[in-house]
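Hi there,

Here is the structure I promised to pass on to you. Have a look at it first, and then read on for what turned up.

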Amino acid sequence: RTIEVVAIPYEQEAVVEYRGELWHESFSRGAFDGIEKRPNRIKANRDNDKSRLVGKAVDVWQEHDEGLASAIRIASTPLGDETLTLADEGMLSVSAGFAARNRDQTLNRATQERRIRKAFLDHIAFVADGAYEGAQIVAVRSGERRAADLPRLDTPKLDEVVAWLESRRSG
């Protein structure tokens, strides 16, 4: 029950709302240096709504070619199941909640460009439409198998031994 994503693409521009205005935002490669030390603290939710938790990161790769990538374990809940299904059918995109200090970004007010050089990743979200084209679901792995779906085991000798032991207990 894992979804692999590119959460934030590097060196790609997107138009986003920043302080009530539309800005052209981009992330520098290496903006998330050191994030590999805390992957289990990064939660995943639906629609950037922290109350709609669906999982948590189990691995994070900030040096991935396309950008900040992560493997997210999805919870076995109705919302988690729905998220896996929608992701597997290509109906979800990826977004990320982050924070950047003023000194860790470059703002050009004349061109409305925001360049983030260093940031703190708060969460990853599965959304209908993400701001960045390169933020995407890369793979969906659902290893869930129920006992009812497995073939019946044929164990005649074991069945015989169990029957013999049960007869000795009751006799």
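One cut-off before the details: a residue counts as buried when its relative accessible area is under 20%, and as exposed when that area is over 50%. Please keep in mind that this is a predicted model.

Let me start with S93, which sits in strand β7, a strand covering residues 93–99. S93 has a relative accessibility of 14%, so it counts as buried. What does S93 touch, leaving aside residues up to four places away in sequence? Its contacts there are A125, F126, V127, A128, D129, G130 and A135. With G130 there is also a polar pairing: a polar atom of the S93 side chain lies 3.5 Å from the backbone nitrogen of G130.

Now for the whole protein. It has eleven strands and two helices, and from the N terminus the order is β-β-β-β-β-β-α-β-β-β-β-β-α. Of its 171 residues, 38% are buried. The C-alpha trace spans about 90 × 30 × 30 Å along the principal axes. The radius of gyration is 23 Å, whereas a compact globule of 171 residues would come out near 16 Å.

Looking at contacts between residues at least 6 apart in sequence, 67% join residues at least 24 apart.

Definitions and conventions
Residues are numbered from 1 along each chain as its sequence is written. This is a predicted model: local features need pLDDT of at least 70, side-chain atom pairs count only at pLDDT 80 or more; totals for chains, interfaces and linings use all residues. Side-chain values use heavy atoms; hydrogens and water are left out. Helices (H or I, at least four residues) and strands (E, at least two) are DSSP runs, numbered from the N terminus. The radius of gyration is taken over C-alpha atoms; the globule rule is 2.2 Å times the number of residues to the power 0.38. Buried means under 20% relative accessible area, exposed over 50%, partly exposed in between (1.4 Å probe, protein chains only). Contact means heavy atoms within 4.5 Å. A polar contact is a pair of N or O atoms within 3.5 Å; within protein, one must be able to donate a hydrogen and the other to accept it, and residues adjacent in sequence count only if both atoms are side-chain atoms.
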